[in-house]
Amino acid sequence: MSESCVRLHEPSGANVTPPALPDKRQVAASFSRAAESYDSVAELQRTVGAQLLARLSASLQPRRWLDLGCGTGHFTRALAGRYERGEGIAMDIAEGMLRHAGPLGGAAHFVAGDAEALPLQDASIDLLFSSLALQWCADFPQVLNEARRVLRPGGVLAFSSLCAGTLQELRDSWLAVDGFVHVNRFRRFEDYQQLCAASGLQSLTLQRQAEVLHFPDLRSLTGSLRDLGAHNLNPGRPGGLTGRSRIRALIQAYERFRQPLGLPTTYQVVYGVLQKAH
């Protein structure tokens, strides 16, 4: 990548790290391991990313765009097709994902990087696109600070993320079994509202929308989370194997939620489109 675009930048200001969120090194390792299996189970990710793309103005024509948390590069390639004249950068904290995505193309550059300390120069990006990645960042105000720093005047941050209420059926079922942390925690939608309002960026849209997947049984659900790399990464999670009696109790508890289409799994998705002042 050219020096005019990328350099290491050390963020300023204090970081506030809620202890409930996972260690990003574990997040990166988990998603790296899931690179080969990810696309086979990424139904929700494709749906959410497509809805985020649809929220972008047709008049937006970025000279340089960034797919932050690019994963296997599905939306990197979609952005490249939409913005053929723009220069694309694909970035992820999981190097295994970058190794998978790079040969498939779509971006001029594939870069390892952290949303809380973007290795980009000030005012170097016209569009920062990030779908279902920022929920893993403990310091969301710093994410917004970094977005504002790297965006050019008039540039757009478009993100989707997850908020509280996600995997609520699984969380409630585990609560009926024991008191351990088995399900990833996510910040509240009201927190997203407050932080975006205080970010110095103009909120063009900020919405919450529920997406529900259905699985034939609990094993299919937990296998899908594992293949995505999105299984339980929280501090305080129980170690070791889960006993058969507890698994049977979990299955019994989750069956209370069964619908004609199967066992429901709800994701509360936040869609945000913010713009830097001209």
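Two strands pair if DSSP finds at least two bridges between them; strands (E, at least two residues) and helices (H or I, at least four) are DSSP runs numbered from the N terminus. The model is predicted, so local features need pLDDT of at least 70 and side-chain atom pairs count only at pLDDT 80 or more, while totals for chains, interfaces and linings use all residues. Residues are numbered from 1 along each chain as its sequence is written, and side-chain values use heavy atoms, with hydrogens and water left out.

**View 1. The open sheet of seven strands.** The chain holds 10 helices and seven strands. Of its 278 residues, 53% are buried (under 20% relative accessible area; exposed is over 50% and partly exposed in between; 1.4 Å probe, protein chains only). Among contacts (heavy atoms within 4.5 Å) between residues at least 6 apart in sequence, 80% join residues at least 24 apart. The strand order in the sheet is β3-β2-β1-β4-β5-β7-β6, and the pairing is mixed. Strands β3 (109-112) and β6 (202-215) each have a single partner, so one side of each edge strand has no neighbour in the sheet. On average, neighbouring strands are turned by 15° against each other, direction ignored.

**View 2. Strand β4 and its partners β1 and β5.** Strand β4 (residues 125-131) is mostly covered, with seven of its seven residues buried. Strand β1 (residues 64-68) runs parallel to β4 and is joined to this strand by three bridges. Here Asp 67 stands opposite Phe 129 of β4. The pairing of β4 with β5 is also parallel, over six bridges, and places Leu 128 opposite Leu 157 of β5. Helix α4 (residues 74-82) lies across β1, β2 (87-92) and β4, at about 160° to β1; axes are lines fitted to C-alpha atoms, for helices over the stretch in contact, and angles run from 0 to 180 degrees between N-to-C directions.

**View 3. The antiparallel pairing of β5 with β7.** Seven bridges join these two strands. Leu 162 has Val 269 of β7 as its bridge partner. Helix α8 lies across β5, β6 and β7 and runs at about 160° to β6.

**View 4. Ser 160 in strand β5.** Strand β5 spans residues 151-162. Ser 160 is buried because its relative accessible area is 0%. Its side chain makes a polar contact of 2.8 Å with the side chain of Ser 131 (a pair of N or O atoms within 3.5 Å; within protein, one must be able to donate a hydrogen and the other to accept it, and residues adjacent in sequence count only if both atoms are side-chain atoms). Leaving aside residues up to four places away in sequence, the residues that Ser 160 touches include Val 48, Leu 52, Leu 132, Gln 135, Val 269 and Tyr 271. Leu 132 lies in the loop between β4 and α6. This residue has phi near 55°, a positive value in a residue other than glycine. With a relative accessible area of 12%, Leu 132 is buried.

**View 5. Arg 152 in strand β5.** Arg 152 counts as buried because its relative accessible area is 16%. The side chains of Arg 152 and Asp 126 make a polar contact of 2.7 Å. Other residues touched by Arg 152, not counting those up to four places away in sequence, include Arg 63, Arg 64, Ala 123, Ser 124 and Lys 276. The C-alpha atoms of Arg 152 and Ala 277 are separated by 8.9 Å, although the two residues are 125 residues apart along the chain. Ala 123 belongs to the loop between β3 and β4. Its phi is near 50°, a positive value in a residue other than glycine. Ala 123 is partly exposed, at 35% relative accessibility.

**View 6. Helix α6 packed against helix α8.** The axes of α6 (residues 140-150) and α8 (residues 189-197) are 10 Å apart, at an angle of about 40°. The crossing is right-handed, that is, the near helix is turned clockwise from the far one by less than a right angle (anticlockwise for left-handed). Phe 140, Pro 141 and Leu 144 of α6 meet Tyr 192, Leu 195 and Cys 196 of α8. The contact comprises six nonpolar residues, no polar and no charged ones; Ala, Val, Leu, Ile, Met, Phe, Trp, Tyr, Cys and Pro count as nonpolar, Asp, Glu, Lys and Arg as charged, and the others, Gly among them, as polar. Eight of the 11 residues of α6 are buried, among them Gln 142, Glu 146 and Arg 149. The cover over the buried residues of α6 includes β4, β5, α8 and β7 (263-275).
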